[in-house]
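Visitor: I am new to this structure. Could you walk me through it, feature by feature?

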Amino acid sequence: MEDSAIVSLFWQRSPEAIPEAQRRYGSYCAQVAANILGSPEDTEECVNDALLAAWNAIPPHRPALLRTFLGKLTRNLALNRREKALAGKRGGGQVPLILEELREVVSGRSSVEDALAQKELTRAIDSWLDSLEERKRNLFVRRYWYCDSLEDLAARTGKRPNTIAVTLHRLREDLRRHLTERGFEP
Amino acid sequence: MTNYELLLALGELGDRHVEAASAPQRRRSPSKGLAWAGLAAAACLLALLWLHRPSIPPDLWVEAPPSETPEGPPPAAPDSPPPVLPSGPELSLSGLKINAGTSGPAISGAPPYFDPALYTQETWDDNQIMNYLGRALTLPWYPEDTELRQSQYIVRKKTGELVRDQLFLTCTNGENRTVLTLTVSRLGILGTGCVVLPDTAEPQTTDICGTEVTLSHRTAAGQDFYLARFALDGIPCQLQTQGLPLADTVRVLAGLILGCDSVIITE
């Protein structure tokens, strides 16, 4: 079933909406969640939560790309779930490593207090991504959006994990420069 | 900012970036890539031999008998310089016969409904596709900065009869816009296509690398739409391009027919 038909089911409040969305994008969402959470049980619960969140968000939303809409819901819910899990000392997936890497880009002082500032920051990162060649752009998004492991990226690109790590390091340096030039205090 | 704030901000990246990164990587694994490179090179060599067959002396096509080393000084080198082979088969746009078409009547793009009680939808893997078509479903050449994706619509009656066998390759650009679609169907179910020819005119065909191709064109909103219909090994195929120049459209087409990514297109 096409995206538009599934979104229509959500708008009609049809009980088929969630099963159809799960059939089409369940495994995609599970991959996003699993990279962040690591645990299969948490992943399954997180995907169910994301589909429920989609049910609550559509309407009023009418996403043009249902896959990325569900992916973003899943990613946010997985990060929230991970924060809670940390209190109970379980889970983690790739996030601890990724946070360590991102420490190179930031100062560590909280500065993004409101949603507007965060949107500006996202827009600046989007424009930086636009300036990259496709291969590097996809590599960065796979690592920091999909939270793929270096090994997965190596398998995906046919390069060695060390090479991937070096490329990502250079990309982080470049992002830091880009954000500093645009007035963000990293 | 903190690294966690940055991680959250990254979560709101533009859909186009997230979507583009979700596509399968263009690069294949080294062993598979080498195998494909070998196949492509062999196909190119065969294509070159075929294209240059009139200029190759007939005795080069047969195995020469072993000869004894002649006595005396070696023969002098010929005066003419060694021939320079082109880096790929050449194809000229000047001889193409392009039929002028229109967008035709608006037709619903929704696929027909198949009752799940009577039909099942199947998903074929690469091996099943290879067995069905007798060749891999791939495009040796497609435009840079686009992502190639494969999809399919396979429906079978529960009695076993195949009623839909559409296999698709699409290329989307950075704006997630489809720039080309290849449809392959042994049953000949190719859809209406982006260019419709008037019923009154007999469409002209062009021989492209030994394959009869019906090539049609229309423009809309300042963009070129090309539609090519042809058969590969007897299997009906349709290539549609949107916003691609003619040279690129023909390069995709010739690459597919020859199984070669280095076709040179000349005016």
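Visitor: Leaving aside its neighbours within four places in sequence, which residues is B:Trp141 in contact with?

Guide: Contact means heavy atoms within 4.5 Å. By that rule, B:Trp141 is in contact with B:Asp248, B:Arg251, B:Val252 and B:Asp261. The C-alpha atoms of B:Trp141 and B:Asp248 are separated by 9.3 Å, though the two are 107 residues apart along the chain.

Visitor: What should I know about the model itself?

Guide: This is a predicted model: local features need pLDDT of at least 70, side-chain atom pairs count only at pLDDT 80 or more, and totals for chains, interfaces and linings use all residues. Residues are numbered from 1 along each chain as its sequence is written, chains are lettered from A and ligands numbered from 1 in the order in which they are written, and side-chain values use heavy atoms, with hydrogens and water left out.

Visitor: Is B:Trp141 buried or exposed?

Guide: Start with the cut-offs. Buried means under 20% relative accessible area, exposed over 50%, partly exposed in between (1.4 Å probe, protein chains only). B:Trp141 has 14%, so it is buried. Its place is in the loop between helix H4 (126-133) and S4 of chain B.

Visitor: How are helices and strands assigned?

Guide: Helices (H or I, at least four residues) and strands (E, at least two) are DSSP runs, numbered from the N terminus. Chain A comes to 9 helices and 0 strands. Of its 186 residues, 48% count as buried.

Visitor: Which strands does S5(B) pair with?

Guide: Two strands pair if DSSP finds at least two bridges between them. Strand S4 (residues 147-157) of chain B is joined to S5(B) by 10 bridges, and they run antiparallel. There, B:Arg149 stands opposite B:Thr170. On to strand S6 (residues 178-184) of chain B: 6 bridges join it to S5(B), again antiparallel. Here B:Phe168 has B:Thr183 as its bridge partner.

Visitor: What lies between the strands of each hairpin?

Guide: The hairpin of S4(B) and S5(B) has 4 residues between the strands, and B:Gly160 takes a positive phi near 110°. The hairpin of S5(B) and S6(B) has 5 residues between them, with B:Asn176 in the turn at a positive phi of about 60°.

Visitor: Why is S5(B) largely enclosed by the rest of the structure?

Guide: Count its residues. Strand S5 (residues 162-172) of chain B has 11 of 11 buried, so it is largely enclosed by the rest of the structure.

Visitor: How do I read aromatic pairs?

Guide: Rings of Phe, Tyr and Trp (its six-membered ring) pair if their centres lie within 6.5 Å; planes under 30 degrees apart count as stacked, over 60 as edge-to-face and the rest as tilted. The structure holds 8 such pairs over all chains. One of them is A:Phe140 with A:Tyr144, tilted, 4.8 Å centre to centre and 50° between the planes. These two are 4 residues apart in helix H7 (residues 134-144) of chain A, so about one helical turn separates them. Both A:Phe140 and A:Tyr144 are buried.

Visitor: Where do charges sit over rings?

Guide: A charge sits over a ring if NZ of Lys or CZ of Arg is within 6 Å of the ring centre and within 35 degrees of the ring normal. The charged end of A:Arg62 sits over the ring of A:Trp11, 4.3 Å from its centre.
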